Amino acid sequence: MHGLILRTFQVFVQDTYGQSAWEAITAHAQFEAGDFEAMLNYPPETFDAIIAATETRLGKSSDLFLEDVGTYLVSHPNSEGLRRLLRFGGVDYIEFLHSLDDLPDRARLAVADLVLPDLELRDVRQNTFRLAVGEGLPGFGFVMVGVLRAMADDYGALVLMDAERPGAGGQEVEITLVETAFSAGRSFDLAAGGTQGGAA
């Protein structure tokens, strides 16, 4: 398990719930180091222990925890770089959805040894899509639900989502686009490095 993924969980908990919550989670998971190093690799059992500990210590299911992490990755000011990377995927939400197939490769351009599950978007019917999330990171489909919800807000789109339980072959998320221009969305300037509020 790449340390960058586990480090993301750590920073999310610290920013959202505080340092004491993170210390309680690492104690419950028997992770004595306390902090994850972003460029190291950890055994899969460490990931499992941290996820199980968050359920116990935060009183929140792993599904909701992972979805919250996905939302954090797009909406928190500390993650502006990732938000910009995702917004380069398209001028509207549908174009963004169709860019998801390339996301694992784009992530590897930024971090060469970061391997994310494969993503494949299929058109089911008009304004309804299914995102197939490959194996390799348990529950990553729930992280993608959080990312997709946050990006819908970013684009000003209204969407409905339904994530299946992870299985042996991965996970699927159904996305229904209700309205492409439901709200103003957040401003985005390809040439700018920062974020500003208001309409796009």
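A search of the whole structure, which is a predicted model, turns up twelve aromatic pairs. Start by selecting F12 and Y17: these two rings make an edge-to-face pair, with 6.1 Å from centre to centre and 85 degrees between their planes. Now show the surface and look at each partner. F12 is buried, because its relative accessible area is 3% and the cut-off for buried is under 20%. Y17 counts as partly exposed, because its relative accessibility is 31%.

Next, select F36 and Y42. Here's another edge-to-face aromatic pair, at 4.9 Å centre to centre and with 90 degrees between the planes. Are these two residues buried or exposed? Both F36 and Y42 are buried.

Select residues 140–155, which make up α8. This helix has 16 residues and spans 22 Å from its first C-alpha to its last, close to the 22 Å expected at 1.5 Å a residue. How many of the residues of α8 are buried? The count is 14 of the 16, so α8 is largely enclosed by the rest of the structure.

Stay around there for two last stops. Pick Y155 and R87: R87 lies over the face of the Y155 ring, 4.3 Å from the ring centre.

Notes:
Residues are numbered from 1 along each chain as its sequence is written. This is a predicted model: local features need pLDDT of at least 70, side-chain atom pairs count only at pLDDT 80 or more; totals for chains, interfaces and linings use all residues. Side-chain values use heavy atoms; hydrogens and water are left out. Rings of Phe, Tyr and Trp (its six-membered ring) pair if their centres lie within 6.5 Å; planes under 30 degrees apart count as stacked, over 60 as edge-to-face and the rest as tilted. Buried means under 20% relative accessible area, exposed over 50%, partly exposed in between (1.4 Å probe, protein chains only). A charge sits over a ring if NZ of Lys or CZ of Arg is within 6 Å of the ring centre and within 35 degrees of the ring normal. Helices (H or I, at least four residues) and strands (E, at least two) are DSSP runs, numbered from the N terminus. The expected span of a helix is 1.5 Å times one less than its number of residues.
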